Amino acid sequence: MRRKLLVANWKMHKNISEAQAFCRRFLPEIEECDRADIAICPPFTLLTAVKGALGSSKVKLGAQNLFWEEKGAYTGEVSPAMLLDAGCEMVIIGHSERRHIFGETDEMINRKVKAALRNKLIPILCVGETLEERKKGQAEEVVKRQLLEGLRELEYDGEIVIAYEPVWAIGTGVNASPDDAQKMSFFIRQILKGIFPEEKVLEMRILYGGSVKPENITGFTGQPDVDGALVGGASLDPDSFAEIVRLSCYA
Ligand code: PGA
């Protein structure tokens with residue numbers, strides 16, 4: 001039985017005192033909820049403060065990106081070892097905003113996934129089609145390519161999380177239907193079975209992301225192949241993210 005996983009993606013939001021205030025309010029609200037794993041992925045500048053504010057709670061810390069080299073002359077980049085040092089256990093890789101705004105390619109994303117695994121960070125590999133691709137009936141083909149390229153020739157066999165995030169549903173208020181999310185998650189699991197041993201795939205968590213909120217979360221987490229959510233906008237408010245976590249615990 002896969003445990004649900006709820007990940008907050010704060011994107012480029014919050015300062016230190018806002019992040020600390022979030023944790024003070026959020027932690028007591030989810031204390032009783034021990035049937036799901038929870039992670040918060042703040043911007044780099046908040047990692048240390050959020051780690052401190054999370055204290056000994058069960059909430060894990062994650063980052064939103066990394067660079068694949070260990071160290072060196074890479075102005076503006078952050079290495080996997082630096083993320084570990086800041087207390088991260090996971091890292092979002094290949095988010096559609098990284099792909100589309102910052103030009104990350106499948107090849108770069110593959111190098112990042114490998115670097116995360118080498119350093120025992122759990123990669124959350126994001127995949128998803130644009131509206132145009134969906135309209136042309138290419139959604140599955142695009143997601144398949146992103147998976148095959150992003151997960152090519154992995155050297156290490158650690159935990160990997162996949163997040164299905166249709167680009168047209170991110171930050172738009174227009175979520176995919178639970179049925180669409182289930183269909184694509186099932187498809188993703190089939191593709192994964194061609195890459196990894198079946199018993200590993202059955203343990204892998206596939207998240208849905210794109211306009212998740214308390215009002216729609218149970219539709220997603222109630223699906224057999226959807227194991228949680230990657231939440232953007234609704235994770236910025238402690239009450240709404242706590243509600244998403246609580247509802248997922250009982251789905
Ligand atoms: P959203 O973002 O929940 O604001 O749509 C999700 C994401 O980009 O991870």
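Axes here are lines fitted to C-alpha atoms, for helices over the stretch in contact, and angles run from 0 to 180 degrees between N-to-C directions. Helices (H or I, at least four residues) are DSSP runs, numbered from the N terminus.

The model is a predicted one, where local features need pLDDT of at least 70, side-chain atom pairs count only at pLDDT 80 or more, and totals for chains, interfaces and linings use all residues. Residues are numbered from 1 along each chain as its sequence is written, and side-chain values use heavy atoms, with hydrogens and water left out.

I start with helix H7, residues 139-150, and helix H8, residues 178-193, whose axes are 10 Å apart at an angle of about 40°. H7 and H8 are therefore oblique to each other; angles under 35 degrees count as roughly parallel, over 145 as roughly antiparallel, 65 to 115 as roughly perpendicular, and the rest as oblique. Their crossing is right-handed, that is, the near helix is turned clockwise from the far one by less than a right angle. On the H7 side the contact (heavy atoms within 4.5 Å) includes Val-143, Leu-147 and Leu-148, and on the H8 side Phe-187, Ile-188 and Ile-191 are among the residues involved. By class, this contact has nine nonpolar, no polar and two charged residues. Ala, Val, Leu, Ile, Met, Phe, Trp, Tyr, Cys and Pro count as nonpolar, Asp, Glu, Lys and Arg as charged, and the others, Gly among them, as polar.

H7 also packs against helix H5, residues 106-118, at about 45° with the axes 8 Å apart. That makes H5 oblique to H7. Asp-106, Asn-110 and Val-113 of H5 meet Arg-145, Gln-146, Glu-149 and Gly-150 of H7. The classes here are one nonpolar, three polar and three charged.

Next, helix H1, residues 16-30, and helix H11, residues 238-249: the axes come within 9 Å and cross at roughly 25°. H1 is therefore roughly parallel to H11, and the crossing is right-handed. Phe-22 and Phe-26 are among the H1 residues in the contact, and Phe-241 and Val-245 among those of H11. The contact divides into seven nonpolar, no polar and four charged residues.

Key:
Helices (H or I, at least four residues) and strands (E, at least two) are DSSP runs, numbered from the N terminus.
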